[in-house]
Amino acid sequence: MRSLPAAQRTKLVLREVSSPSVAQSHDPHFQNRIAYRLLRRLYRYADRIVTLTRGARTISCRIFRYPKAKSP
């Protein structure tokens, strides 16, 4: 996907609706905890990341290590 020119690429928008800091460590399903660890690597490829609150934005930026500019 990144090999295409920017004008031809499909936009990737992610929406975070939970608290990743809590879900990473306290989710009752082991596979969900693993998924959150993998997401840390995938969030950097998103064009935009949508969160419900500023607090969720701050936590997501810190945990997933993406610039705040991706989450207006």
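Helices (H or I, at least four residues) and strands (E, at least two) are DSSP runs, numbered from the N terminus. The structure is a predicted model, in which local features need pLDDT of at least 70 and side-chain atom pairs count only at pLDDT 80 or more, whereas totals for chains, interfaces and linings use all residues. Residues are numbered from 1 along each chain as its sequence is written, and side-chain values use heavy atoms, with hydrogens and water left out.

The protein contains 3 helices and 2 strands, arranged along the sequence in the pattern β-α-α-β-α. Strand β1 (residues 13–16) pairs with β2 in the parallel sense over 4 bridges; two strands pair if DSSP finds at least two bridges between them. Within this pairing, Leu14 stands opposite Ile49 of β2.

In a regular strand the side chains alternate between the two faces of the sheet. Of the 72 residues in the protein, 25% are buried.

Ile49 also belongs to the largest nonpolar core, which has 8 residues: Tyr36, Tyr43, Ala46, Ile49, Cys61, Ile63, Phe64 and Tyr66. Helix α3 (residues 54–64) gives the most to this core, with 3 residues. A nonpolar core is a set of buried Ala, Val, Leu, Ile, Met, Phe, Trp, Tyr and Cys residues joined through side-chain atoms within 4.5 Å. The buried residues of α3 are Ala56, Ser60, Cys61, Ile63 and Phe64. After α3 comes Arg65, whose phi is positive, near 60 degrees.

Helix α2 includes Arg41. This residue, Arg41, counts as exposed because its relative accessibility is 54%. The C-alpha atoms of Arg41 and Phe64 are separated by 7.4 Å, although the two residues are 23 residues apart along the chain. Of the contacts in the protein with a separation of 6 or more, 53% join residues 24 or more positions apart, where contact means heavy atoms within 4.5 Å.

Finally, Tyr45 lies in the loop between α2 (30–42) and β2 (48–51). Tyr45 counts as partly exposed because its relative accessibility is 43%.

Methods:
Buried means under 20% relative accessible area, exposed over 50%, partly exposed in between (1.4 Å probe, protein chains only).
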